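Please read it alongside the sequence and the coordinates.

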Amino acid sequence: MSELLVDFITSLDGYASGEGWPGFWGLEGPEYLAWLGEQPEATYLMGANTYRLMSGFAAGEVPKGQNEFRPEEEASVDELTRASKVVFSSSLEEPLTWANSTLVRDDAVEAVRAMKENGSGLLSTIGSLSLCRSLLRAGLVDRFRVGLFPVITGATGEERIYDGYPDVALEMIEHRTFDGRIQLLEYKPRVLEHPPLGTPA
C-alpha cells in the first residue's frame, strides 16, 4: 500500500508564495538543500494550475520578477522533470508535454484512494492547494509536512493554504531546524467532525 504525503513550503503566515519573492523565499541554505536531495523517490500528484506553472518553469519560463533561475530553483525543477507525475484535470489535453506526466480525468479522491490501495512507495503532493484539501478531507493523508520559512508576506502573499480546511488534529512525528532558520514540522493528521470536548488530561 502506498503512503500519501501532503508537503507544503510556507511563509509564517501560511502563504504558499509571494509576489516578487524567489523560490524558497530566497532563504534556502546548505542543510536544507542537502536534506531535499536525500528525500526518497516519489510519485508527485498535482492539479492543472500547478502543472501549468511547473511545466512552464521546466520549459524555461522564468518566475515573474526574476531575470533567470537561481541554481537551487533549476535543480529543483530538473528533479521534478525526472520524477513520475500524476496530473488531475478535466481541462488539460493529452498528450502532456512535461516528461513523465500522466493525465487523470477521473475524480481525484477516488483515483488517489485506488493508487494508495493498489500501489507501493510514496505519493507526494506538490502545490495544488484544492487537491490537498480534498485529499485531507477524505482522510487519505498519512503525513502532513510543512517547511516553515521565517518570513511574513502580509503585503505580497499569494495562495493562502488553509482557507476552507476542516478542523484537523495534528500529531507531531518529526521536527527539526535547517540552517538555523527553516523549521520542518511533520504530523500525522486526523480530521475532526467537531472541536474536542473538554481539555486534555
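Contact is taken here to mean heavy atoms within 4.5 Å. The model is predicted, and local features therefore need pLDDT of at least 70, side-chain atom pairs count only at pLDDT 80 or more, and totals for chains, interfaces and linings use all residues. Residues are numbered from 1 along each chain as its sequence is written, and side-chain values use heavy atoms, with hydrogens and water left out.

Of the contacts between residues at least 6 apart in sequence, 72% join residues at least 24 apart. The secondary structure comprises 5 helices and 10 strands, where helices (H or I, at least four residues) and strands (E, at least two) are DSSP runs numbered from the N terminus. The radius of gyration, taken over C-alpha atoms, is compared with a globule rule of 2.2 Å times the number of residues to the power 0.38.

| Property of the protein chain | Value |
|---|---|
| Radius of gyration | 17 Å |
| Box filled by C-alpha atoms, along the principal axes | roughly 55 × 40 × 30 Å |
| Buried residues | 42% of the 201 residues |

Buried means under 20% relative accessible area, exposed over 50%, and partly exposed in between (1.4 Å probe, protein chains only).

An open sheet of 8 strands runs in the order β5-β4-β3-β6-β1-β7-β10-β9, with mixed pairing; two strands pair if DSSP finds at least two bridges between them. Because β5 (101-104) and β9 (168-178) each have a single partner strand, they stand at the edges, and one side of each is left without a neighbour in the sheet. Within the sheet, β1 (residues 3-11) and β6 (residues 122-125) run parallel and are joined by 3 bridges, with Leu5 standing opposite Ser124 in β6.

A nonpolar core is a set of buried Ala, Val, Leu, Ile, Met, Phe, Trp, Tyr and Cys residues joined through side-chain atoms within 4.5 Å. The largest has 26 residues, and Leu4, Phe8, Leu45, Phe88 and Leu135 have the most contacts inside it. Elements giving two or more residues to this core include β1, α4 (108-118) and β10 (182-191), while α5 gives the most, with 5 residues. Apart from this core lies another, of 19 residues, among them Ala42, Tyr51, Phe57 and Leu122.

Glu28 lies in the loop between β2 (15-18) and α1 (30-37). Is Glu28 buried or exposed? With a relative accessible area of 10%, Glu28 is buried, and, leaving aside neighbours within four places in sequence, its contacts include Arg70, Glu72 and Arg181.
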